[in-house]
Amino acid sequence: MASVTLKDVVKQYDDVTAVDNMNLDIRDGEFVCLVGPSGCGKSTTMETIAGLTMPTSGTVHIGERDVTNLPPKDRGIAMVFQNIALFPHMDVYDNISFGLRLRNYEKEEIDRRVERAADTVQLHGMLDRMPDEMSGGQRQRVAIARAIVREPDVFLMDEPLANLDAKLRVHMRTELQRLHKELDTTIIYVTHDQAEAMTMSDRIAVIDSGELQQIDPPLVCYNEPANLFVAGFIGSPSMNFVPGAATATGFHSNDGQIEIDFEPSDVGVTPDQNVTVGIRPEDVYPAEQADSLANPTKPISVTTDVLEPMGDEIFVYLLTEEDAEVDIDDPNASGQLLMSVEPDSTIAEDEEMEVVLDRSKVHLFDSETEQALEHGIVETTGGAADSARAHTDD
Ligand code: ADP
């Protein structure tokens, strides 16, 4: 077990900055996922930790040791990659033990480690199988066992489940969590799949364009995204974004359809500031359910468009503007709002209805800096406070 620390790491390839001033502090025994879209610099960050790539500047520490200039074999790490490169002419035992045999470990020590690793990844009784007699998931487990026998301080895994089918991926996620619990080793795991990151990690490091956007536990990234990028990347389907501006009494969307009352100084905005409201599909409700919310917004008039029944919920695409068209590929298309409702909902397509937002789940972002300003508007609004006061005066 060991901590991993990246300090001011930059990796420049000609005119591409693959990693841009990365500072990461991964704790001893932690399971951290590096997530972000393709090309954001996840693999380069991982390769820098592994020693497969030298950073242009900055340092890498594993535990107390500065490993920036050490080759991969001296870093106390083991790697598992997307492409499972097993030796086809060797059985499972020989594949798992290959590295140990190369390093001239005693036969007894090799047997002990192979047995233990095979147990951990549940490959008992399969040590004499050849790779072509195994399923994709079993082969991936052999690759993981091969990493385990090295007894590394840190596991580095780069999209290890990407080539498996969807069902097996979900199963292997659970196995990796179990493995982490059992081995108690630091795991750094690269994936572009935010669902994988949400389910497995102690903390998620969200990366965009080579820059770390946020590193926090999954639910903190979900409930308190640091900026628009994290808000849009974490969560499926994505958060709705509504561009608009702050007014003296709250928020007014650019399309004029959505108003949210609040006291600007309470949420750190100034009137006229360009603000984007973020709201997740599960926090949009049909107006008749407003009574069940402690803090609903005013009703918003919409027309339903496409419905997507998912079995456990229905996604309802709503149009806030008459002439808007739904763009399912762009969840944040202007004039469009996605709502998730119960599976027994009777909402139909092309229906006029009113919806409300749960104010306690509304996120406010500065449209220019894209940074989060507020998560949840729960304070009594200026207007409501005024009317309450007026009532008392009576
Ligand atoms: P990810 O793993 O998030 O998909 P990468 O770390 O592979 O992203 O790549 C980050 C950026 O660096 C990309 O723009 C990629 O094209 C570039 N890049 C990666 N490796 C090299 C290389 N060896 N030479 C030049 N550019 C590279």
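Guide: Start inside: the largest cavity has a volume of about 70 Å³. This is a predicted model, where local features need pLDDT of at least 70, side-chain atom pairs count only at pLDDT 80 or more, and totals for chains, interfaces and linings use all residues. Residues are numbered from 1 along each chain as its sequence is written, and side-chain values use heavy atoms, with hydrogens and water left out.

Visitor: What makes a space a cavity, and what makes it a pocket?
Guide: The test runs on a 1 Å grid over the protein atoms alone. In a cavity, a 1.4 Å probe fits but cannot get out. A pocket is an open set with protein on both sides within 12 Å along at least five of seven lines. Volume is the space filled by probe spheres set on the points, which are joined across faces, edges and corners. By this rule there are two cavities of 30 Å³ or more.

Visitor: Which residues line the largest cavity?
Guide: A lining residue has an atom within 4 Å of a point. Among those that pass are Thr120, Arg141, Met172 and Glu175. The largest share, five residues, comes from α5, which spans 166-183. Helices here are DSSP runs of H or I, at least four residues, and strands are runs of E, at least two, numbered from the N terminus.

Visitor: Which element gives the largest share of the second largest cavity's lining?
Guide: That is α1, with four residues. The space is about 40 Å³. Met79 and Phe81 are among its lining residues.

Visitor: Where is the centre of the largest pocket?
Guide: The largest pocket holds about 410 Å³. Of its 21 lining residues, Met79, Ala143, Arg146, Ala147 and Arg150 are the closest to the centre.

Visitor: How is the chain divided into domains?
Guide: Domain 1 is 4-228 and domain 2 is 237-393. The bounds come from an automatic or database domain assignment. Their centres, taken over C-alpha atoms, are 40 Å apart. Eight residues of domain 1 and eleven of domain 2 make the contact, meaning heavy atoms within 4.5 Å.

Visitor: How much area is buried between them?
Guide: About 800 Å². That is accessible area (1.4 Å probe) lost on being put together, summed over both parts. In domain 1, Tyr222, Pro225 and Leu228 lose the most.

Visitor: How many salt bridges are counted between the domains?
Guide: A salt bridge needs a side-chain nitrogen of Lys or Arg within 4 Å of a carboxyl oxygen of Asp or Glu. Between domain 1 and domain 2 the count is zero.

Note on methods:
Buried area is the accessible area (1.4 Å probe) that two parts lose on being put together, summed over both.
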